[in-house]
Amino acid sequence: IDDDKIAVLKFEDYTGDKELEVIGDMASSWIVHGITENTVAQVISPKVVNDYTSIIKSQAGAVADVKNLIKTYFKPEKVITGGFYKENNKLLLQSSITDGLMDKTLISFETIECDSDSPLNCIEELKQKILGYLAIEEKKDNLGYLNKEDNQKGAYFEETPPKFEAYQYNLSALNHIDNDSLHLDFLNKAIKADPNYFEPKILLITYYFNISDYRTTDSLIKKIDMNSKLSSRQKNYLFEYESLIK
């Protein structure tokens, strides 16, 4: 039994359109591939779950319930489920992550919308959000701080997980903190990949403040909408720099 296993179930089709059924397979396989490719965790795919279900159903007198099967045989740490439906010409994709017993929802992602003719756009965006959550969320303690390897506390800026691509760019920026050109390039790429990602914005503000470029620092602060979905912690970081500038 490994505690980093994640079961990904086939996404439910709520469209009533037989031609769109394949999207359920596409979504789950795309997410499985993303988790595996980035070595985030071991994955139990929908195919494995279905194969086991079929085997148990074939046994005399056995009743195969997917939820019980997952809890009894696979014992994952987390389970990813989802579904999709159609509204006019838009495809709406939903997903959540539960604990291994499927009794507690750890996160429900905001509904993702795209053209029904381009389902991979929705699926890729969802994959990025799931990978971002898996990469960051487990590192937080109950006060919202990151636990570092040396047991020091590092501030955690996000209320919601960033897209994984943006998270990777931000990591690269931190890994090149002694190279101004690369540091700034990766920070800007992180912000472009996920405009809602707060940490690279505050790191950019910090950089310009530290080199005494207060005009640019002030401009970057004013670019962030204080009325948007900012947490009290995020606002406090901005208030701190506003006060320092004044």
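Let me begin with a term: a residue is called buried when its relative accessible area is under 20%, exposed when that value is over 50%, and partly exposed when it falls in between. With that in mind, and remembering throughout that what we have here is a predicted model, I would like to start with Asp-180, which has a relative accessible area of 38% and therefore counts as partly exposed.

Asp-180 is found in helix α6, which covers residues 180-193. Its side chain makes a polar contact, at 3.2 Å, with the side chain of Tyr-207, a residue 27 positions away along the chain, and the C-alpha atoms of Asp-180 and Tyr-207 are separated by 8.9 Å.

Now to the cysteines. A search of the whole structure finds one disulfide, and it joins Cys-114 to Cys-122, with the sulfur atoms 2.2 Å apart. The torsion about the S-S bond of this pair is about -125 degrees, so the disulfide is left-handed. As for accessibility, Cys-114 is buried at a relative accessible area of 8%, and Cys-122, at 0%, counts as buried too.

Finally, the largest pocket, which has a volume of about 650 Å³. Its lining is made up of 27 residues, and those that lie nearest the centre are Glu-110, Lys-129, Thr-160, Asn-196 and Lys-229. The elements that give two or more residues to this lining are strands β6 (105-108) and β7 (112-115), together with helix α4 (119-136). By residue class, the lining divides into 10 nonpolar, six polar and 11 charged residues.

Notes: Residues are numbered from 1 along each chain as its sequence is written. This is a predicted model: local features need pLDDT of at least 70, side-chain atom pairs count only at pLDDT 80 or more; totals for chains, interfaces and linings use all residues. Side-chain values use heavy atoms; hydrogens and water are left out. On a 1 Å grid over the protein atoms alone, a cavity is a set of points where a 1.4 Å probe fits but cannot get out, and a pocket is an open set with protein on both sides within 12 Å along at least five of seven lines; lining residues have an atom within 4 Å of a point. Grid points are joined across faces, edges and corners, and a volume is the space filled by probe spheres set on the points. Helices (H or I, at least four residues) and strands (E, at least two) are DSSP runs, numbered from the N terminus. Ala, Val, Leu, Ile, Met, Phe, Trp, Tyr, Cys and Pro count as nonpolar, Asp, Glu, Lys and Arg as charged, and the others, Gly among them, as polar. Buried means under 20% relative accessible area, exposed over 50%, partly exposed in between (1.4 Å probe, protein chains only). A polar contact is a pair of N or O atoms within 3.5 Å; within protein, one must be able to donate a hydrogen and the other to accept it, and residues adjacent in sequence count only if both atoms are side-chain atoms. A disulfide is a pair of cysteine sulfur atoms within 2.5 Å.
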